[in-house]
Amino acid sequence: MIGRVASPQCIGPLLNGWEEGMLYAYLAGRMGYAVADGAYRSAQVRVGDFCFFAGEPDARVVAWQPENARPYTILIPRTPDWRPLIEQCYLQARLTERYAFAKKSAFPREKLSVLAARVPDGYALRRMDGALFRQAGQEEWSRDLTSQYPDWDDFAAHGLGIAAVKAGLLLCGASCYADWPDGIEVEIDTHPSHRRLGLARACAAALILACLERGLHPSWDAANPVSAHLAETLGYLPAGAYPAYELWQ
């Protein structure tokens, strides 16, 4: 029988050594939840749009979905032997490739300061505040900048974000998709009409510097080569590509 996991410690051994920011957030008790078989040999962990499979491959664990399943989910198997089960269970899932980065990257602070200052005329960088938090939640393009936080108080206590604004409007942001005691998972989004202006790079550089000031690691996991290239220009060290599945339903 597949059921909810009462405590992250129950499946901790299945996740040990898996360097994923969202899993750090789950293990810290900050975000997400998990289900597992009765013996805790196989588990599924969900944090936001991400779903991770770990342990012994189990078709029942793959097939389990919450009643309020999200319309879009990224399925990530820890080992290749999960992949046939995912493909059999979700015929509509699309195989894709994501790019991981080392969790001990040495960031070039001087370069990041220069990049953060390269903002086009008319734009300004600001720390995420309550007003910008609420703006982010009102638009589809910016929703994931704050979507994992129930309210501004929770974000202010645990989160961190940098926004590019013009005339008071949020037009780009680098923020945390998830957090844990010594790090955050970076989320970057730009309004479609304001892309290719260097805003994402400036916001990301400023966010990394803000994290370093607080002793936090800004974890980066890229969904495409463009994001991966941006990460490398900011000082991240590639840790290899890995397979994932995109599921729309």
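Guide: The charged end of Arg-4 sits over the ring of Tyr-33, 3.9 Å from the ring's centre; a charge sits over a ring if NZ of Lys or CZ of Arg is within 6 Å of the ring centre and within 35 degrees of the ring normal. The model is predicted, so local features need pLDDT of at least 70 and side-chain atom pairs count only at pLDDT 80 or more, while totals for chains, interfaces and linings use all residues. Residues are numbered from 1 along each chain as its sequence is written, and side-chain values use heavy atoms, leaving out hydrogens and water.

Next come the ring pairs. A pair of aromatic rings is described by the distance of the centres and the angle of the planes. Rings of Phe, Tyr and Trp (its six-membered ring) pair if their centres lie within 6.5 Å; planes under 30 degrees apart count as stacked, over 60 as edge-to-face and the rest as tilted. The whole structure holds 14 aromatic pairs. In one of them, the ring centres of Trp-18 and Phe-52 are 5.5 Å apart and the planes stand at 90°, so this pair is edge-to-face. Trp-18 is in the loop between helix 1 (12–15) and helix 2 (21–27), and Phe-52 is in strand 4 (residues 50–55), so the pair links distant parts of the chain, 34 residues apart. Helices (H or I, at least four residues) and strands (E, at least two) are DSSP runs, numbered from the N terminus. Trp-18 and Phe-52 are both buried, where buried means under 20% relative accessible area, exposed over 50% and partly exposed in between (1.4 Å probe, protein chains only).

The rings of Trp-220 and Tyr-236 are also a pair, with centres 5.2 Å apart and planes at 55°, so they are tilted. Trp-220 lies in the loop between strand 11 (217–219) and strand 12 (221–222), Tyr-236 in the loop between helix 9 (225–233) and strand 13 (238–248), so parts 16 residues apart in sequence are tied together. Trp-220 and Tyr-236 are buried as well. One aromatic cluster is formed by Trp-18, Phe-50, Phe-52 and Tyr-177.

Last, a residue elsewhere: Thr-73 belongs to strand 5 (residues 72–77) and is buried, with a relative accessible area of 3%. Leaving aside residues up to four places away in sequence, Thr-73 touches Arg-46, Asp-49, Cys-51, Tyr-245, Glu-246 and Leu-247; contact means heavy atoms within 4.5 Å.
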